[in-house]
Amino acid sequence: MAALRVAVIGGGPGGLYAAALLKRLDPDREITVWERNAPDDTFGFGVVLSDETLGGIEHADPVVYAALQAEFVRWDDIDIVHRGNRHTSGGHGFAALGRRRLLQILHERCRQLGVELRFRAEAPPAAELSQAYDLVIAADGVHSGTRAAHADAFRPRIEEHHCRYIWLAADFAFDAFRFEIAETEHGVMQLHGYPYAAGASTVIVEMHEQVWRAAGFDELDEAESTERCAKIFADALGGRPLRSNKSTWTTFRTVVNDRWSHGNCVLIGDAAHTAHFSIGSGTKLAVEDALALAACVGEQPTLPEALAAYESERRPVVASTQRAARASLQWFEELARYAGQPPRQFAFNLLTRSRRVTHDNLRLRDGRFTEAVEREFGCTPGTPPMFTPFRLRDLELRNRVVVSPMDMYSAVDGVPGDFHLVHLGARALGGAGLVMTEMVCVSPEGRITPGCAGLWNAEQAAAWGRITSFVRDQAPGAAIGLQLGHSGRKGSTKLMWEGIDEPLPDGNWPLSAASPLPYKPGSQIPQELSRAGLTEIREQFAAAAWRAARCGFDLLELHCAHGYLLSGFLSPLTNRRTDGYGGSLQRRLRFPIEVFDAVRAIWPAERPMTVRISATDWAEGGTTAEDAVEIARAFAAHGADAIDVSTGQVVADEAPEYGRSYQTPFADRIRNETGIPVISVGAISSWDDVNSLILAGRTDLCALARPHLYNPHWTLHAAAEQGYAGPGAGWPLPYQAGSRRPQTGRTDAPKPRLTLGDRQARNPQAGIQCGHHGGTLLAGHRPESPG
């Protein structure tokens, strides 16, 4: 690619570093940076960078890296102070410096390389620059004028959040990254503080908008706000004052763009994306954007290919960071929800809030802290949280792992066969505390597909009894539960692998639902249930529950999720009734509660009942997280022992926000707002996630589906990998010989004893020739892997 003329809009860290790198990689490039402020103007105080980012800087520009290294303040600890308790977790590794000093270093480097810096100068519009320059880099921040001017091309989506925060500073250095919680008469407030120089710290004060207004901050000026914050957090500050620098209260804005480039103009840093400051990522992301953009411009033959490669490389990384940042942001928005947790659990919950720090990761960083949290939680020594027991009525589960209900579509006339015996039996032998059946239908018309299992006759009951007997006799310690449901408007469809949710080509049966709305275009239109129809279905549920009790199931779950019949009553998108079963949430709850009461009256009192709900429809106008809390409360008031919290699948045009353990926040909210036990589901795939969620108090049980399809013995293997051999994961006697991971190769090779470097330097023939690499190796050293 020929030498470029490059215009950079914005003189923040991302824009300056991109300019320096592009110039360093090709001194013939003409690069100009426009910055509206003076060189010494800056907002905020300290900047935190990760070791990963610093490694990239070291390789890309050792001069900048060396200058940064000379300035960094480093520390390892995080202090969490809550209700007079201070808990410290070590091993985290932070590096910070003043934002002004960072800019000075980048200014100096740009000047050394010949980049033209224009301060106190508004950049011409990007459209104008694009005519005169080969590449225009828009690094103009969260309020990017470039992005706004070309919104039709970048298609930004900007979301304002619910907390107010202010950037301040203290003239002393905290000895750790400090989180301090203040429970005031107006509500919960929090301080985030960290050192960035020998005698200075950044202090961010944050609180929910409602708390901010109740405390009167909306009526205070900058000086009054600063003084008030210093008084609220006097203990953290040792009575010392705070100072401001054009500090104003603001709300965080999450910026997402569908595209990052338009013609020869490209967005980087906050102009392209933002991530909440609580994971310290804004400057980090901007610097990493600059690194990637400079590299792609150098590697690709044309500018369009370079911009496409840059976006392709950075978008997945940014998306992952934004998911973590959103989880962290929401945790702090909902901080009051966790204020009553035991102090150490609260600290653990805070540290693992973004899901990037996990139980196992934290145990490696600071084993003493993690063990203290486990002891407070009730773990006996050497017992991971997932292997602690959990009681629901008279049923004590040996561990916190649930095999989630998974439709197998393999029954004949509703009768479960040998496949179901092997499928459920294998997973019971695999160590889970509770194994759930697929949704078992209460009538032929309540099936999803012709292959769905049922419990409407004696033949089906006998087949289920065979399965429960196997679990009881051959997998002692495992509980087995039945999920009971009715397909509603989503019935009479093909088997999943023949076309999920597609109507049968023939042999259809009539459908019934809360309202006569097809699931999707081309689906059968269901009949709206009459009072007589409602009564008939309620009695079908009760009859199936009676059979389930005689079959020997330990637990019964009522399926009120995923758009099936009872879920269809709960969602305003699928319930358009004008009688007593439609309208307000209380009326939409009426029929599901009637069914629950009928089943609970039949189901033995000592055995628990759970309810699966869709906590959001992922669609505008549908069930919300607030609704889900009220739905959970209603079922708990009628005797539900736990809520199994799933989401979606209610309407075909949903837009889920997928990601690791993406449904857990809904369970977390229900548990910590209501005190009702919950089961979390949804992309929970590792034992580390299970331990983290349980120990943080975000859930009581974790239900996993696909991991148990991949590995029926997932729970036993999780125990083996953690070195656990206690009662929470007993291996079946015939399997005990397999309770240790098989050896895969020699691991006891003798370690090198001598290094012959000096001898080889004197006698090159002393080395051993390695034909694979064609190089010389020192005696006693192994070659690097060819990969």
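**Exercise 1. Find the bridge partner of Val73 in S7, then work out the sheet around this pair.**

Solution. This is a predicted model, so let's read it as one. Start at Val73: its bridge partner in S7 is Ala96. Next, widen the view to the two strands: S4 and S7 (residues 94-98) pair in the antiparallel sense over three bridges. Now take in the sheet, which is open and has three strands in the order S3-S7-S4, with antiparallel pairing. Its edge strands are S3 (46-49) and S4 (73-75), each pairing on one side only. Finally, the twist from one strand to the next averages 30°.

**Exercise 2. Decide whether Asn349 and Trp497 are buried or exposed.**

Solution. Begin with Asn349, which has its place in helix H13 (residues 343-351). Its relative accessibility is 0%, and buried means under 20%, so Asn349 counts as buried. Leaving aside residues up to four places away in sequence, Asn349 touches Trp331, Tyr338, Gln341, Ala696 and Arg698.

Then turn to Trp497 in helix H18 (residues 496-499). The cut-off for exposed is over 50%; Trp497 has 54% relative accessibility and therefore counts as exposed. Together with Met496 and Ile500, Trp497 makes a nonpolar surface patch of about 340 Å².

**Exercise 3. List the buried residues of helix H27 and name elements that cover them.**

Solution. Within H27 (residues 714-721), pick out Trp714, Thr715, Leu716, Ala718 and Ala719 as buried. Their cover includes strands S19 (401-403) and S28 (701-704), along with helices H16 (418-429), H25 (687-695) and H26 (706-710).

Conventions
Residues are numbered from 1 along each chain as its sequence is written. This is a predicted model: local features need pLDDT of at least 70, side-chain atom pairs count only at pLDDT 80 or more; totals for chains, interfaces and linings use all residues. Side-chain values use heavy atoms; hydrogens and water are left out. Buried means under 20% relative accessible area, exposed over 50%, partly exposed in between (1.4 Å probe, protein chains only). Helices (H or I, at least four residues) and strands (E, at least two) are DSSP runs, numbered from the N terminus. Contact means heavy atoms within 4.5 Å. Patches are made of residues with over 30% relative accessible area and no salt bridge: like charges are joined within 9 Å, nonpolar side chains (Val, Leu, Ile, Met, Phe, Trp, Tyr) within 5 Å. Accessible areas come from the Shrake-Rupley method with a 1.4 Å probe; for residues, only the protein chains shown count as cover. A salt bridge is a side-chain nitrogen of Lys or Arg within 4 Å of a carboxyl oxygen of Asp or Glu. Two strands pair if DSSP finds at least two bridges between them. Axes are lines fitted to C-alpha atoms, for helices over the stretch in contact, and angles run from 0 to 180 degrees between N-to-C directions.
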